[in-house]
Amino acid sequence: MFKLFRDAFKITNEGIILAVPLVCFMWLITLYISYSKEVVDTIPEMILSGVTVLFMSSAFSAGWFYMVKKCVEFSKKDFILDEDKASESLNLIKSFTDGIGKFFLRYVEVSLIFAGIVLLTASVLYKISIPFIREIHFSLSQMGTVINSQQDIAAFLNSLPQEQLIVLFQLNLILMIVTSVFAFMQMLWMPEVIYSERDPFIALFLSIKKLFVRFWKSIGLFAYIVFLNFIISYFSTFAFLHPIVYMFLMIMYFYFIVYVVVLIFTYYDREFNKSDKIEDTEA
C-alpha cells in the first residue's frame, strides 16, 4: 500500500494539470450559485437553476474523471525525450472534452442517483438524530445559531451537563459511522463508471462488490484518505489568519483533491483493470 501512496504522489505531480479544470469549475460553479441567489425568485427559475447546476457538474465530472484515467495511463508510458513527455502531459487537457462527449449522459445519471442516495441517507440520519436531540433538549432550529463560530460551539458544549455531553458524543459517533460507511461504499464508483463504461446504477453495485473483494486493502486506502482529510481539516482552521495563509491552504486543498482522486483511480487500475492485465499478458 505504501508503494501505491508514493506512486500516487508521483502521478499527481506529473499530471498536476488536472488541477486546472478543477479550479476553473469550482470558480465557475461558485460564481453561478452566487449569481442565482440574487436573481432566482420563482419556482420555475429555481428548477432551471438546479438543472443547470446538474448539467455543469455532470459535464465536469465526465471530462475530469476521464482525464484522471488518462493521467494514470500516461504514468505507465516510458519516454525517451523529456520534450515528448511534456507534450504528452499537455495533451491530457484534450482528453477532458473527449470525456464529456463519451460520459456526459452517464454522469447525469450518476448525479441523479447520488442525489437520491444523499436524500435517503439524510432522512435516515434525521430519524436517528431526533431521539438524541430531544434528550439534550435542543431543537434543530437552534442549530444555526450554535454553529456560527467555534466560540458559540464551545459555549454551548460547556453549558451542557455531563449526561447530555455523553448523549451528544453518542450521536456524533453514530453520525460519523453512518457517513463513513456512506463514503466508503462509493469510493470506487467513479472509476468503475469510467473503466467499465457500464450503466452507473450497475457500476455502483459492481464497485461495492470490488470493495469486499479486496476488503482489507480497501479499508487501508479509506483509512489513509480519512487521515489526510483530518490533517487538511485541521489546517483549514488557520485559513483566515492571513491572506497568504489562506492562499497556501487553498493550493494545498486543491492538491489534496487531485491526489485523492488519482490515488483511488490508481488503486482501481492496479487491482481491477482486467483489460490492462490482459494486454500485459499478451505482450
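**Reading rings and cysteines in a predicted model**

Phe55 sits in helix α3 (residues 43-74); helices here are DSSP runs of H or I, at least four residues, numbered from the N terminus. This is a predicted model, where local features need pLDDT of at least 70, side-chain atom pairs count only at pLDDT 80 or more, and totals for chains, interfaces and linings use all residues. Residues are numbered from 1 along each chain as its sequence is written, and side-chain values use heavy atoms, with hydrogens and water left out.

Q: Is Phe55 buried or exposed, or partly exposed?
A: Buried means under 20% relative accessible area, exposed over 50%, and partly exposed in between (1.4 Å probe, protein chains only). Phe55 has 39%, so Phe55 is partly exposed.

Q: How many disulfides does the structure hold?
A: A disulfide is a covalent bond between the sulfur atoms of two cysteines; the test is a pair of cysteine sulfur atoms within 2.5 Å. Here there are 0. As for accessibility, Cys24 is partly exposed at 40%, and Cys71 is buried at 0%.

Q: How many aromatic pairs does the structure hold?
A: Rings of Phe, Tyr and Trp (its six-membered ring) pair if their centres lie within 6.5 Å; planes under 30 degrees apart are stacked, over 60 edge-to-face, the rest tilted. The structure has 24 such pairs. Take Phe184 and Phe222: their centres are 5.4 Å apart and their planes at 75 degrees, so this pair is edge-to-face. The pair links distant parts of the chain, helix α8 (residues 162-185) and helix α11 (residues 215-236).

Q: What lies over the face of Tyr195?
A: For a charge over a ring, NZ of Lys or CZ of Arg must be within 6 Å of the ring centre and within 35 degrees of the ring normal. Here that's Lys69, 5.1 Å from the ring centre.

Technical notes. Helices (H or I, at least four residues) and strands (E, at least two) are DSSP runs, numbered from the N terminus.
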